[in-house]
Amino acid sequence: MLHVRSQQAPSLRLRLTGAVMLPLAALVLFFGVVTVLVTRNTESDTVDRVLIGSVRTLSLAYNSPPGERERLVPLAIHLLKRRARPVVHYSVYSGRKVISGDPALLPPADYTPQWDGVIDRHAPATFYNAYRENRLIRGYLEPADAAAVTQAAYLRDGMLHGKPVRIATEVRRAAGEPGLVVIQIADYVDDRAAYEQNFALRVLLIGLAALLVTGVLFWWAIRWGLRPLLDMTRQVEQARHDASPAFRLQAPETAPVEMRPFVAAFNGLMARLDKAADSLRQFTSNASHQMRTPLAVARVQLDVLDRYGPESPQGQAALQDIPHSIDSLEQLLRQLISLARSEDQEGTLLQPFDLSGVAASVTADRAAQAPAHIDISYENESDGTVTAMGEPRLAAELIGNLLDNAIRYNRPGGAVAVHLGRRGGHAFVEIDDTGPGIPAAERERVWERFYRVRGQSQAFGTGLGLPIARALADRLGARLTLADGRTGQGLCAVVEFRAEAA
């Protein structure tokens, strides 16, 4: 099933080619349609201009005196048949009698042999000319040429020999003729349609050829462009056989700039995984070592009980030491769980919260649970409520963790003071104790898991309290530092929270 899916997976090169070729095909289709429509309109306009120009040329020949007309009309017809767009269908009627041309090209239905005084029963044909404006009089430059025209040239649709045609018609008075002369020139519509279809086919073939050539070129261009990605894939494939966490992608200097963020992100991920693997190995080793000690002590005490019995002095001592070992193991497990939870960076939403309320509540809880020989105090050095950015639950856990350390490592009759306020735009909490403190030379090492200050190895602790506090501070975006106690003795843990967003 997995093999079938891999075969059916879409190709990135094919997807990129499609992503480019589909818009390009739409663009080619759009320009092809526009070209065909423009050409069609241009062709129609050109044919109509030829028809109107031809009918006016022939009309001018019939405007001549009878003696000159016999010479000019054949010459005009000869010229019309030898144009770039020849005109071969024409007729000239005088009354109901055809003078020249094809008798099947009949006059319009409203044609009357005698003039009834109406000028231009139909609107004359006009054409737009954007380059030159000649002042025309009913289609002619010379007023004398238009003087005898009763119907200026216009266009209409009709039938000729059973086929649709486009007809240009002009009616005028001609010397020597008893009535009005109607001059007509026609062009078959199917000739125009055949030209338009032929042109559209050529545009389509050119567009398809352009798409085919572009598709092939783009296919090879994508193959060339994806070569750096293939090189990266080969590196990862080779590294898979040697699964070393120290593996890093190597990007050549010629690699595209778009690949560099990916390489940097991948190497950053590998570095983070390498660090996490080292941390996990170290954590597992230290945790197993730390858990082995209370378990070994409990096993020894149980052996003592088994050998001497619970009523013997040795058994009584063992019964007193076993709860201590179990408490040590329970505290270790609890702090291991707390450390794992504190390092979970997902789902931490920083928002404004009442730091003064959280600090006061946590201090009150610890004061109620602390030994009687430890004095715990709380002081808000700021006027009113102190607001900070963070997460109330994690902030309470952080402050409680530091308070537990201050109480646990304090001296008999010692004191713990919690100070709250603002400094430099940041809200801060200080937990100050009067215990033995931590030498300045060792204050960086106490952030290491399971590390204990020399001379305090017998204290009831696991060496995880301050690492847990540092992990919680990192999740809150806060800064946790250690300093000398305010009274000149002991230790002061300072937590600076992020300022509230404006």
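**Close-up views of a predicted chain**

**Overview: the whole chain.** The chain exposes about 29600 Å², with carbon and sulfur atoms supplying 58% of it (Shrake-Rupley method, 1.4 Å probe). This is a predicted model, in which local features need pLDDT of at least 70, side-chain atom pairs count only at pLDDT 80 or more, and totals for chains, interfaces and linings use all residues. Residues are numbered from 1 along each chain as its sequence is written, and side-chain values use heavy atoms, leaving out hydrogens and water. You will find 11 helices and 12 strands here (DSSP runs numbered from the N terminus: H or I, at least four residues, for helices; E, at least two, for strands).

**View 1: the largest nonpolar core.** This core has 44 residues, and those with the most contacts inside it are Leu 355, Leu 398, Leu 402 and Phe 497. A nonpolar core joins buried Ala, Val, Leu, Ile, Met, Phe, Trp, Tyr and Cys residues through side-chain atoms within 4.5 Å; buried means under 20% relative accessible area (1.4 Å probe, protein chains only). Elements giving it two or more residues include helix H9 (355–369), helix H10 (392–408) and strand S12 (491–496). H10 gives the most, with 8 residues.

**View 2: around Phe 497.** Leaving aside neighbours within four places in sequence, Phe 497 is in contact with residues including Phe 353, Leu 355, Leu 398, His 426 and Leu 476 (contact: heavy atoms within 4.5 Å).

**View 3: another core.** Apart from the core of View 1 lies another, of 23 residues, among them Val 50, Val 55, Val 73 and Ile 77.

Technical notes. Buried < 20%, exposed > 50% of the residue type's maximum accessible area, 1.4 Å probe, protein only.
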